[in-house]
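Look at the model below and follow its helices one at a time.

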Amino acid sequence: MIQFYLLSVFYLLFSALLLLVDSYRRSLSFMLKAKSRIREKQKLLNLYFFSGIAIFLLLLFFPVSPGPQIAGDIVPAVFSLGMAFFFRILYSERNRERSDAYLAGKKARLKKLGFICLSAAFVHFLFPSFVLL
């Protein structure tokens with residue numbers, strides 16, 4: 001269904017921007033407020049987490065029209081699930097100093113992961129009829 005397709009693209013784009021906001025703080029300054037709210041409010045983090053799981057399941061069972069009925073779009077689905085668990089584990093850390101120390105040492109990897117997630121969102125958006133297996 002096309003609604004789940006657009007929802008998955010927005011979710012992947014939002015996740016990629018959350019990953020890239022630390023590296024490109026000036027140009028992505030509009031994401032700072034969203035990142036801090038997700039990080040500090042447990043309800044928003046839970047909503048983000050459960051929506052990632054829901055998008056994963058919806059992409060698998062309701063793919064875009066030429067996709068297979070069971071497999072669906074596996075790459076965007078796996079990225080949605082991965083981003084949900086990644087941010088859930090990273091932002092649910094009670095000790096903020098330990099979480100910040102982890103992020104400081106992994107900025108280059110987070111930047112690469114952000115660009116990979118961004119490219120998956122763009123490929124998924126630009127070529128909706130292709131099944132990304």
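A helix here is a DSSP run of H or I with at least four residues, and helices are numbered from the N terminus. By that rule, K35 belongs to helix α2. The model is predicted.

**Residue K35**

- K35 is buried, because its relative accessible area is 8% and buried means under 20%.
- Apart from neighbours within four places in sequence, K35 is in contact with L18, V21, D22 and Y91.

- Helix α2 spans residues 32-40, and its buried residues are K35, I38 and R39.
- These three lie on the same side of α2, because they cover an arc of only 100° around the axis.
- An α-helix has 3.6 residues a turn, so residues three or four places apart point the same way.
- K33 and E40 sit on the other side of α2, where they are exposed.

**Helix α1 against helix α3**

- Two packed helices are described by the angle between their axes and the distance between the axes.
- Helix α1 covers residues 2-20 and helix α3 covers residues 42-61; they pack at an angle of about 135°, and their axes are 10 Å apart.
- This angle makes α1 oblique to α3, because roughly antiparallel would need an angle over 145 degrees.
- The crossing of these two helices, α1 and α3, is left-handed.
- On the α1 side, the contact is made by F4, L7, S8, Y11, F14, S15 and L18.
- On the α3 side, Y48, S51, G52, I55, L58 and L59 take part.
- Sorted by class, the contact of α1 with α3 has nine nonpolar residues, four polar ones and no charged ones.

**Helix α1 against helix α4**

- Helix α4 runs over residues 74-91, and its axis comes within 10 Å of the axis of α1, crossing at roughly 45°.
- α1 and α4 are therefore oblique to each other, since angles count as roughly parallel when under 35 degrees and as roughly perpendicular from 65 to 115.
- Where α1 passes α4, the crossing is left-handed.
- From α1, the residues in this contact are Y11, L12, S15, L18 and L19.
- From α4, they are P76, F79, S80, M83, A84, F86 and F87.
- The contact of α1 with α4 divides into ten nonpolar residues, two polar and no charged.

Technical notes. Residues numbered from 1 in each chain as written. Predicted model: local features only at pLDDT ≥ 70, side-chain atom pairs only at ≥ 80, totals over all residues. Heavy atoms only, no water. Buried < 20%, exposed > 50% of the residue type's maximum accessible area, 1.4 Å probe, protein only. Arc of directions from axis to C-beta. Contact = heavy atoms within 4.5 Å. Axes fitted to C-alpha atoms, helices over the stretch in contact; angles between N-to-C directions. Left-handed = near helix turned anticlockwise from the far one by under 90°. Nonpolar A, V, L, I, M, F, W, Y, C, P; charged D, E, K, R; others polar.
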